[in-house]
Amino acid sequence: MEWTTIESDPGVFTELARAIGVRGVAFEELYTLEADELKRLEPIYGLIFLFKYRGDDGGEVCAIDAEAESKGVFFARQMIQNACATQAVLSVLLNADDKLELGETLSAFKEFTSEFDAETKGLAISNSDVIRDAHNSFARPEPIVLQSRPAREDDDVFHFVGYVPKGKVVYELDGLRQGPINHGHFGNEDDDKTWLDVAVPAIQRRIAAYSTNEIKFNLLAVTKDQRISLRERIAELQGIGDSIGDSLAKEITQLSSELAYLESKAEDWRNENIRRRWNYLPFIFGLLREVAAKKQLMSAFEIAKKNREKGASDGQTH
Amino acid sequence: MDSVPNFFGGNDGSDGGFTLNRVDGVSTGTNGEVILSEIKCGLLRRDGTTMRADVRKGTLRIIQAALDDTLKQIQWGPREANTGFEAEEDFIILPDEAVLKTMKQPGCFALSFLEERDRDMYFWFQEPKDADKEAMLMKCNRLINTNVMAALGRGEERSNAEATMEDAPDEGTETTPSIPGTTPALVNAAAMAAPSPVEPTPAPNMPPAETPAAPAKDGEGMRTPASAANFTPIVTSDALKGVFANLGGATPRTPPVGLPEILTPELVGPLLRDESIRGRLLEYLPEEHRETEDLEELIRTPQFRSQLEAFSHAIQSGEMDMTQFGLKESGVADLEKFLRAIQAEMDDQEANDAMES
């Protein structure tokens, strides 16, 4: 019944969502919150803010919106640390189900848990075999388990927080808090604010606080898989046939190259996921044997040792 | 009202002097104290570099402080039949002073004082096997921390630092195993977990019924090449060896050389371009990744390097025995020994091939 740690990588999350039956969704890493970049990625179903803990959370103290859940916001308390990432992904997806294809598993899950309180919803996630198995399938193979596991890059405590629009309100969903946090309204008659116009400043305040505390963070956008709409549009344009004008022909070229870029990125992610799950220990042994067969093994060791000592004596202590 | 299993009672069916009023998860103790959270657990005491288990059944409690109910108190005391709770450890805990977290050793958890390491306390769970122990710890953490994640982050940082303090094994020094029978380094917490009025005394040493070192999760998303029969579950050494061997506060020296510095792209690249070598290695790779460019790229990928590092750490950890690699050597492994053994094996093979031809 255990949840393993998984990498917080857009490629992992994209395939994780697919593995639990969600269709047409992609995760993108955001390096900037500039309007142009966000526009390029639209429609954005939600944002996930992830950060490594190094000290005090510089986040502002916010009040819980006690009405949110009764208005249909799906909120689950986080019950297991390792499930954190998946929990954040679910909190966005399950609140965006009017806009995307949740698939059988998650639709059934949402229905099943609709009357539960937040803690029980969290327990339902922890106990879901399908979700847990999909999550765990991204765990790195560990053919050797030591009593004392050495520290790894991905050992840091990550926390994930989701930002999602629902019913013209922007909510912050943090599994460690008691309930959703309301960051404000958008899309009312008297303004043309989008949900991002509300969410982005809230996130920027958070980032500012973390920068002063040197807390590392990442931002992911949950978007529509644009390959779908690109393919549709290209097919549409190609359907016009010979009477197509220059400007539309140009559009086909542009869209095709965008599509090609996205397909190659998806291919990269597929390969990364294959590597993540493959046990390379036999290969490593094979490689070491080949190096030994060439009589290069011990000399490589000696050289590496010398380099290490040299590095240390140059004042570069690890 | 749910009936509460009689964990505290003796054989005569008494309730051990506790009155449990389970209202909103908070109960009242015999002295009128407001108990906010309880975990059934035993004590672990550090003795040099090992942990000794106090075999008594006990309870860790967080209560509202008697003197000031805005403060909390942490208590640990033995669970004995027919007596009220008598705390052996009893102190006020200030917010964000300490955090509870599971330890690498299964079934154990620590109360880590973030600023005062020498106050750290360690426990072993005595809760039923299917109890949600993480949730219990988190509940307690929420009681004693205003910012649980920050506290866990700082606690994690510290324990990672401890875990990486490995002594590069000197020639002729072995990791001293705790001697079974004389040093009950760790009881099998799982055996103690069954809630029954008569609980067995744990044996001082046991190869745990549930091996704390989990064998490789084959079939759970992990693909191992079919020909890798030699390499399926390498389970770590006896649980009693090297338990908490890294505690002791050794200062980190220059870390020893690892496999990533030996299997560099520069060394490995030319080999991978050799067709016959490549041919021999292909079966160890996923089908999708058997082209030359894939191989050379593979060596540089984070996924491969991270597995290489992990394996390297395992060899250097002092917890593995050479026999676990299927090589003709024995004794505690280190990288140099390991590499020499591989070289020796290849040399033998070459000699045999030469004789046969």
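Which residues of E3(A) are buried on one side, and which on the other? In this predicted model, both faces of the strand are covered: Phe158(A), Phe160(A), Gly162(A), Val164(A) and Lys166(A) are buried on one side, and His159(A), Val161(A), Tyr163(A) and Pro165(A) are buried on the other. Because nine of the nine residues of E3(A) are buried, the strand is largely enclosed by the rest of the structure.

**The strand and its partners**

Strand E2 of chain A, residues 44-52, pairs with E3(A) in the antiparallel sense over six bridges, and Leu50(A) stands opposite Phe160(A) of E3(A). Strand E4 of chain A, residues 169-173, also runs antiparallel to E3(A), to which five bridges join it; here Lys166(A) has Val169(A) as its bridge partner in E4(A). Two residues lie between the strands in the hairpin of E3(A) and E4(A), where Gly167(A) takes a positive phi near 55°.

**The annotated site**

According to an unreviewed UniProt entry, the annotation "active site" covers Cys84(A) and His159(A). Although these residues span 76 residues in sequence, no two of their C-alpha atoms are more than 6.7 Å apart, so they gather at one spot. His159(A) belongs to strand E3 of chain A, residues 158-166, whereas Cys84(A) lies in helix H3 of chain A, residues 84-93. Both are buried by the cut-off of under 20% relative accessible area, with Cys84(A) at 3% and His159(A) at 2%. Leaving aside neighbours within four places in sequence, Cys84(A) is in contact with Gln78(A), Phe158(A), His159(A) and Phe160(A).

**Salt bridges**

| Pair | N to O distance |
|---|---|
| Asp129(A) and Arg132(A) | 3.0 Å |
| Arg233(A) and Glu251(A) | 3.2 Å |
| Arg280(B) and Glu290(A) | 2.7 Å |

How many residues apart are Asp129(A) and Arg132(A) in helix H6 of chain A? They are three residues apart in this helix, residues 129-136, and are therefore separated by about one helical turn. Asp129(A) is partly exposed, at 45% relative accessibility, whereas Arg132(A) is buried, with a relative accessible area of 9%.

The side chains of Arg233(A) and Glu251(A) form a salt bridge in which the closest N and O atoms are 3.2 Å apart. Since Arg233(A) lies in helix H8 of chain A, residues 226-239, and Glu251(A) in helix H9 of chain A, residues 246-277, the pair ties together parts that are 18 residues apart in sequence. Arg233(A) counts as partly exposed at 28% relative accessibility, and Glu251(A) counts as partly exposed at 25%.

A salt bridge of 2.7 Å, N to O, brings together the side chains of Arg280(B) and Glu290(A). Arg280(B) lies in helix H6 of chain B, residues 275-281, and Glu290(A) in helix H10 of chain A, residues 281-293, so the pair joins two chains. On the chain B side, Arg280(B) is partly exposed, at 45% relative accessibility, while Glu290(A) is buried, with a relative accessible area of 9%.

Which residues are linked with Glu7(A) in a network of salt bridges? The network links Glu7(A) with Asp9(A), Glu272(A) and Arg276(A).

Notes:
Residues are numbered from 1 along each chain as its sequence is written. Chains are lettered from A and ligands numbered from 1 in the order in which they are written. This is a predicted model: local features need pLDDT of at least 70, side-chain atom pairs count only at pLDDT 80 or more; totals for chains, interfaces and linings use all residues. Side-chain values use heavy atoms; hydrogens and water are left out. A salt bridge is a side-chain nitrogen of Lys or Arg within 4 Å of a carboxyl oxygen of Asp or Glu. Helices (H or I, at least four residues) and strands (E, at least two) are DSSP runs, numbered from the N terminus. Buried means under 20% relative accessible area, exposed over 50%, partly exposed in between (1.4 Å probe, protein chains only). UniProt positions are given in the numbering used here, feature names are shortened, and annotations may be inferred rather than shown by experiment. Contact means heavy atoms within 4.5 Å. Two strands pair if DSSP finds at least two bridges between them.
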